[in-house]
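Hi everyone, thanks for coming. I'd like to walk you through one structure today, so please have a look at it while I talk.

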Amino acid sequence: MRSFIFSLLFITCCFTAGHGQELTKVAEPVFQAGEQLSYRLKYGIFTAAEADLRVERSDIKFNGHPALHIIAEGRTAGSFDIFYKVRNRYESFVDEKTLLPYYYAENRHEGSWKHSDKVTFEHEENKIIANKGTYTSKGDVFDFVSAYYFARNLDVSKMHIGEKFELQYFLEDAVNKLGITYVGKEKVTCSLGTFNCLKFNPTIIPGRIFRKDSKLYLWITDDNNRIPVKAHVEVVVGSLTMDLTAAKGLKYPLNPVK
């Protein structure tokens with residue numbers, strides 16, 4: 001279960017078109033520098049972890065282009081922090097216009113295990129340069145932090161229930177894919193209120209954590225912000241729920257159901 005907590009907090013927040021209807025970006029980015037989001041992950045009634053994501057303007061330019069600096073930090077909480085302490089930090093520098101990543105870095109401290117990586121994306125040359133070597137890529141490939149912010153800018157207004165999509169992101173030493181199905185619209189309640197949401201079902205692989213019939217669901221606000229507010233998955237014993245606990249510096253006001 002070492003890094004699953006933060007996979008749920010971050011990776012399940014990302015989706016991009018791979019099959020089915022082709023999606024395009026909206027005209028204007030839905031987020032801005034200064035945005036801050038906070039999440040809590042609960043195992044049953046217990047808080048297991050917390051995470052913060054924020055967007056800053058980068059002082060570094062890439063090939064002369066201005067960039068945004070996106071930072072995601074995750075940590076265990078409560079009794080989980082006593083028995084298995086986790087302190088993870090992920091950073092992504094993305095182009096202000098295309099939102100494609102230029103550079104990604106991660107530092108993960110999970111119990112006695114430590115891992116770090118630095119990744120450079122050469123999109124025009126279809127290659128990715130990481131600590132372990134150089135990898136070929138095809139199409140738009142993201143780190144999972146930049147994928148989350150890029151996905152929020154996709155125009156999902158014409159999606160149909162049952163339509164499938166595919167996420168493509170680089171992590172550690174490979175380009176990974178995650179299939180996602182659009183389920184429909186629902187009202188869902190999180191710590192910040194009740195929201196009209198779009199519901200998705202990311203594909204998961206049964207194993208030590210998930211049962212064969214486990215389902216992972218993700219709810220994203222059906223407004224201009226496109227913020228993930230909740231995720232839920234059943235595991236071998238119990239369930240995990242992700243919950244949005246704070247949102248600051250948004251480009252558009254939150255739109256809870258009155």
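Let's begin with the second largest pocket, which has a volume of about 420 Å³. Of the 17 residues lining this pocket, the closest to its centre are Asn63, Tyr102, Phe121, His123 and Glu124. Two elements, β5 (101-110) and β6 (113-122), each give two or more residues to the lining, and β6 gives the most, with three. A word on terms: on a 1 Å grid over the protein atoms alone, a pocket is an open set of points where a 1.4 Å probe fits, with protein on both sides within 12 Å along at least five of seven lines, and lining residues have an atom within 4 Å of a point. The volume is the space filled by probe spheres set on those points, which are joined across faces, edges and corners.

Before going on, please keep in mind that this is a predicted model: local features need pLDDT of at least 70, side-chain atom pairs count only at pLDDT 80 or more, and totals for chains, interfaces and linings use all residues. Residues are numbered from 1 along each chain as its sequence is written, and side-chain values use heavy atoms, with hydrogens and water left out.

Now the overall picture. The chain has three helices and 14 strands; these are DSSP runs, helices being H or I with at least four residues and strands E with at least two, numbered from the N terminus. Of its 258 residues, 48% count as buried, where buried means under 20% relative accessible area, exposed over 50%, and partly exposed in between (1.4 Å probe, protein chains only).

Asparagine 63 sits in the loop between β2 (46-57) and β3 (67-76). Is this residue buried or exposed? Asparagine 63 is exposed, at 71% relative accessible area. Its phi is near 55°, a positive value in a residue other than glycine.

Asparagine 126 also has a phi near 55°. You'll find asparagine 126 in the loop between β6 and β7 (127-130), and it is partly exposed at 37%. That takes us to serine 137, which, leaving aside neighbours within four places in sequence, is in contact (heavy atoms within 4.5 Å) with Asn126, Lys127 and Ile128. Serine 137 is in the loop between β8 (133-136) and α3 (144-151), and is buried, with a relative accessible area of 16%.

Finally, salt bridges, meaning a side-chain nitrogen of Lys or Arg within 4 Å of a carboxyl oxygen of Asp or Glu. How many does the structure hold? There are 16 salt bridges.

One of them joins the side chains of arginine 75 and aspartate 52 (2.9 Å, N to O). This pair links distant parts of the chain, with arginine 75 in strand β3 and aspartate 52 in strand β2, 23 residues apart. Another is arginine 57 with glutamate 96, at 2.9 Å, N to O. Arginine 57 lies in strand β2 and glutamate 96 in the loop between β4 and β5, so this bridge ties together parts 39 residues apart in sequence. Arginine 57 is exposed at 58%, while glutamate 96 is partly exposed at 27%.

Then look at arginine 108 and glutamate 106, which meet at 3.1 Å, N to O. Arginine 108 is buried, at 4% relative accessibility, and glutamate 106 is buried too, at 1%. Elsewhere, salt bridges that share partners join Arg54, Glu56, Glu73, Arg89 and Glu91 into one network.
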